[in-house]
Every structure is written in C-alpha cells, then in structure tokens.
Amino acid sequence: MNQSNIIEIQDVDQPAERANRCGGCQTTERAPIEMAFAFQPIVDLTSGDAYAHEALVRGPNGESAASVLSQVDESNRYRFDQRCRTTAIMQAAEMGMAGFLSINFMPNAVYQPAACIRSTFEAAQKYGFPVNRIIFETTEGENIISREHLVHIFRSYKSFGFQTAIDDFGAGYSGLTLLTDFQPDLIKLDMALLRGIDTDNVRQRIVTGVLDICNGLGVRVIAEGIETPGERDFLAGVGVTLMQGYLFAKPAFKGMPAIANAG
C-alpha cells in the first residue's frame with residue numbers, strides 16, 4: 001500500500017464519517033456464508049499466457065455459484081461482498097498467482113468506497129498481493145442504487161490504484177451511457193454478443209464499432225465466453241488480444257488451469 005492510499009483511507013475515519021459510513025459494518029450477521037473460489041484465466045493471445053484470472057465464487061466443496069448467491073440478502077450482502085474480496089486475495093496469493101486477479105463486487109454493498117475498501121487493503125498487505133494487480137469488475141446490468149453511485153465507486157477504486165472493468169458489456173441497457181460517465185481500464189464484451197460472430201455480419205459490425213469506441217477512449221477489451229476457434233480467430237483479426245472462455249480453459253476450483261488453443 002503506498003502512502004497516498006494510507007492517507008486517503010485514514011482520512012475517512014473521522015467521527016462524522018464514522019457515523020454515516022458502512023451501515024453493513026454495524027449490523028449483526030448470522031453465521032457467515034462459506035465460500036471458496038474457482039479461477040478462470042483471461043488469456044493474452046500475444047503471449048499465450050494468462051493476463052489475469054477471474055475469481056468465481058463457489059461453495060466450500062466446489063458447489064455452484066447459484067447455491068452460494070442464493071444465501072445472500074440485504075442482511076448479509078455487505079459482509080459477503082467483503083469476504084469474497086479477502087478470500088479471493090488469500091487464495092490467489094497462496095497459489096502464487098503472477099498476473100492480475102479479477103474480483104466481482106456488488107455495488108449495493110459499498111456504502112462509502114474509501115471506508116469499505118479497508119479490508120481489501122488489509123488482505124493485500126497480509127498475503128503479499130500487490131494492490132495494482134487487482135481488478136474490480138461488475139456487470140452493467142447489476143441492480144445498482146444508481147449509476148452515479150457506481151461511477152463514484154469506480155472512480156474511487158481507480159484512485160486507490162486498482163484496475164476497473166465493466167463485465168457483460170452489451171447485455172444491459174446502459175452500456176454506452178455508463179461509458180460516457182466513466183471509462184474503465186477494461187470492458188468485457190458479453191458472450192451472447194460474440195456467439196458465432198465469425199459467421200454473423202450483424203454481430204461483426206456491432207463489435208467492431210464498440211472496438212473503435214474503446215480504442216479511441218483507451219479502454220482495453222476482453223472477449224468473454226469464447227468457445228470456438230472461429231470466434232477466436234475473427235476477434236483476433238479485428239485486434240482483440242484478451243479473451244476468456246471454455247476454448248482456452250474451464251474454471252478450476254482452487255486452482256489455475258492450463259491454457260489451451262491460445263495460438
């Protein structure tokens with residue numbers, strides 16, 4: 001953690017702020033939701049290696065994400081979101097992850113970005129995982145309090161040294177509007193937009209248009225849900241170098257799977 005981060009986090013902890021910050025910190029929670037993570041690589045086609053690994057929540061014995069998320073409600077959302085972050089960082093550090101770690105977060109669980117980020121900094125310091133190798137991502141279709149709230153979180157996280165990403169871009173209704181308000185480091189094109197793109201002229205025109213916009217804004221694009229060599233080859237041909245999907249590797253529970261078909 002650099003000195004500027006330490007100052008920003010400490011500055012929030014004033015009496016007036018403490019009274020208003022993080023209502024989730026002050027609630028009594030029932031037994032915590034047990035969790036672990038599976039990791040799926042985001043592949044850099046220029047090197048054939050993992051650019052990042054996305055942390056995908058699972059039950060403690062590999063149970064589905066749905067079985068875990070079904071236990072989340074208003075009473076435990078904050079603490080669940082916090083434990084997701086710290087557990088993912090711990091597991092990534094234990095595996096010796098060398099690239100970026102991408103963590104999904106819940107915007108509605110963030111009350112005050114600077115206060116709610118404390119446990120993330122503490123976990124990164126405790127487990128020796130660099131803050132500048134953490135990506136925070138959320139979907140554009142997430143049921144958020146407001147777009148302004150999400151933009152405030154993203155801007156705060158970027159100022160703390162994290163990378164930011166919008167997931168499932170193109171699946172929701174506000175993608176381009178959100179992009180006008182905040183330009184993340186990365187966007188992940190929704191898999192439904194990319195399915196069969198190598199033979200679909202409409203999808204090709206839409207995606208190449210989005211790529212032009214992102215290139216002009218300095219936003220890197222990740223193609224997610226890639227399942228066929230044809231999809232990979234078309235996207236590589238129009239300049240997409242970061243990809244994720246079953247063609248390269250399925251998520252590995254508590255592990256980093258080998259990468260295939262990256263060349």
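## Basis

The model is predicted: local features need pLDDT of at least 70, side-chain atom pairs count only at pLDDT 80 or more, and totals for chains, interfaces and linings use all residues. Residues are numbered from 1 along each chain as its sequence is written, and side-chain values use heavy atoms, with hydrogens and water left out.

## Largest pocket

The largest pocket has a volume of about 730 Å³. A pocket is an open set of points on a 1 Å grid where a 1.4 Å probe fits, with protein on both sides within 12 Å along at least five of seven lines; lining residues have an atom within 4 Å of a point. Of its 30 lining residues, Glu54, Ala55, Leu56, Asn104 and Asp167 are the closest to the centre.

Elements giving two or more residues to this lining are β1 (36-44), β2 (49-58), α3 (65-69), α4 (77-95), β4 (134-139) and β5 (163-169). Helices (H or I, at least four residues) and strands (E, at least two) are DSSP runs. The most comes from β2, with 5 residues. By class, the lining has 14 nonpolar, 7 polar and 9 charged residues.

## Surface patch

Leu176, Ile213 and Leu217 form a nonpolar surface patch, with about 270 Å² of accessible area together. Patch residues have over 30% relative accessible area and no salt bridge, and nonpolar side chains are joined within 5 Å. Leu176 lies in helix α8 (residues 175-181) and counts as exposed (over 50% relative accessible area) because its relative accessibility is 53%.

## Helix α6

In helix α6 (residues 118-127), the buried residues (under 20% relative accessible area) are Ser119, Thr120, Phe121, Ala123 and Ala124. Gly128 follows α6 and has a positive phi, near 70 degrees.

Technical notes: Patches are made of residues with over 30% relative accessible area and no salt bridge: like charges are joined within 9 Å, nonpolar side chains (Val, Leu, Ile, Met, Phe, Trp, Tyr) within 5 Å. Accessible areas come from the Shrake-Rupley method with a 1.4 Å probe; for residues, only the protein chains shown count as cover. A salt bridge is a side-chain nitrogen of Lys or Arg within 4 Å of a carboxyl oxygen of Asp or Glu. Buried means under 20% relative accessible area, exposed over 50%, partly exposed in between (1.4 Å probe, protein chains only). Grid points are joined across faces, edges and corners, and a volume is the space filled by probe spheres set on the points. Ala, Val, Leu, Ile, Met, Phe, Trp, Tyr, Cys and Pro count as nonpolar, Asp, Glu, Lys and Arg as charged, and the others, Gly among them, as polar.
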